[in-house]
Amino acid sequence: MAIRILCVEDNPQNMRLVRKILGTAGYETAEAVDGLSGLHMAQQEHFALILLDVNLPDIDGLEVARQLKANADTRDIPCIALTANAMHGDRERCLEAGCDGYVPKPITKGELLHTIAHFLSPQSEHDLT
Ligand code: MN
């Protein structure tokens, strides 16, 4: 059975890019276009990993991460923030919110797959930040 990854992203072009990259690596992508539906989907199915756009139309990706990490059922799922705000301090904000990793936009195939593989690896120390 394919590894399923939830991508919470409101921009259709970014979603298409993520779906394409994940597909080439053999992952299945579940898609949510806003924070609340992403949270809802994460309660319905236990995903291997969650990609979180930070800028979403309802609650932002950092709030989604906080809520996922506050819930015992979803706390252990690795969360990777995707953000265009590649400013100083942005990475720290993502990690403070509970994200395990961080991929700046524009997303590149190599960086996204490398980061995902790191967090899905059983011997991972989850220290890639
Ligand atoms: Mn967005």
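Student: Which residues coordinate the manganese ion?

Tutor: This is a predicted model, and the site is described from its atoms. The donors follow the spacing D-x42-D-x1-N along the chain. The distances run from 2.0 to 2.1 Å, and the coordinating residues are Asp10 (OD), Asp53 (OD) and Asn55 (O).

Student: Is Asp53 buried or exposed?

Tutor: Asp53 is one of the residues that coordinate the manganese ion, through OD. A residue counts as buried under 20% relative accessible area. Asp53 has a relative accessible area of 3%, so Asp53 is buried.

Student: With which side chain does the side chain of Glu9 make a polar contact of 2.9 Å?

Tutor: Glu9 is found in the loop between strand S1 (4–8) and helix H1 (12–24). Its relative accessibility is 1%, so Glu9 counts as buried. Not counting residues up to four places away in sequence, Glu9 touches several residues, including Asn14, Met15, Ala32, Val33 and Asp53. The polar contact of 2.9 Å joins the side chain of Glu9 to that of Lys105.

Student: How are H1 and H5 oriented to each other?

Tutor: Val18, Ile21, Leu22 and Thr24 in H1 meet Lys109, Leu112, Leu113 and Ile116 in H5. The axes are 10 Å apart, and H1 passes H5 in a right-handed crossing. The packing angle is about 60°. H1 and H5 are therefore oblique to each other.

Student: How are H2 and H3 oriented to each other?

Tutor: Helix H2 (residues 35–44) and helix H3 (residues 61–70) pack at an angle of about 25°, with their axes 10 Å apart. The contact is made by Gly35, Leu39 and Ala42 of H2 and Val64, Gln67 and Leu68 of H3. An angle under 35 degrees counts as roughly parallel. H2 and H3 are therefore roughly parallel to each other.

Student: What distance separates the C-alpha atoms of Val54 and Val8?

Tutor: Val54 lies in the loop between strand S3 (49–53) and H3. Val54 is buried, with a relative accessible area of 7%. Leaving aside neighbours within four places in sequence, its contacts include Asp60, Leu62, Ala81, Thr83 and Cys94. Val54 and Val8 are 46 residues apart along the chain, and their C-alpha atoms are separated by 9.0 Å.

Student: How far apart in space are Leu36 and His46, C-alpha to C-alpha?

Tutor: Leu36 is found in helix H2. Not counting residues up to four places away in sequence, Leu36 touches Asp58 and Ile59. Leu36 and His46 are ten residues apart in sequence, and their C-alpha separation in space is 16 Å.

Key: Residues numbered from 1 in each chain as written. Predicted model: local features only at pLDDT ≥ 70, side-chain atom pairs only at ≥ 80, totals over all residues. Heavy atoms only, no water. Donors = N, O, S within 2.8 Å, 3.2 Å for Na, K, Ca; no water. Buried < 20%, exposed > 50% of the residue type's maximum accessible area, 1.4 Å probe, protein only. Helix = DSSP H or I, 4+ residues; strand = E, 2+ residues; numbered from the N terminus. Polar contact = N/O pair within 3.5 Å; in protein donor to acceptor, adjacent residues only side chain to side chain. Contact = heavy atoms within 4.5 Å. Axes fitted to C-alpha atoms, helices over the stretch in contact; angles between N-to-C directions. Parallel < 35°, antiparallel > 145°, perpendicular 65-115°, else oblique. Left-handed = near helix turned anticlockwise from the far one by under 90°.
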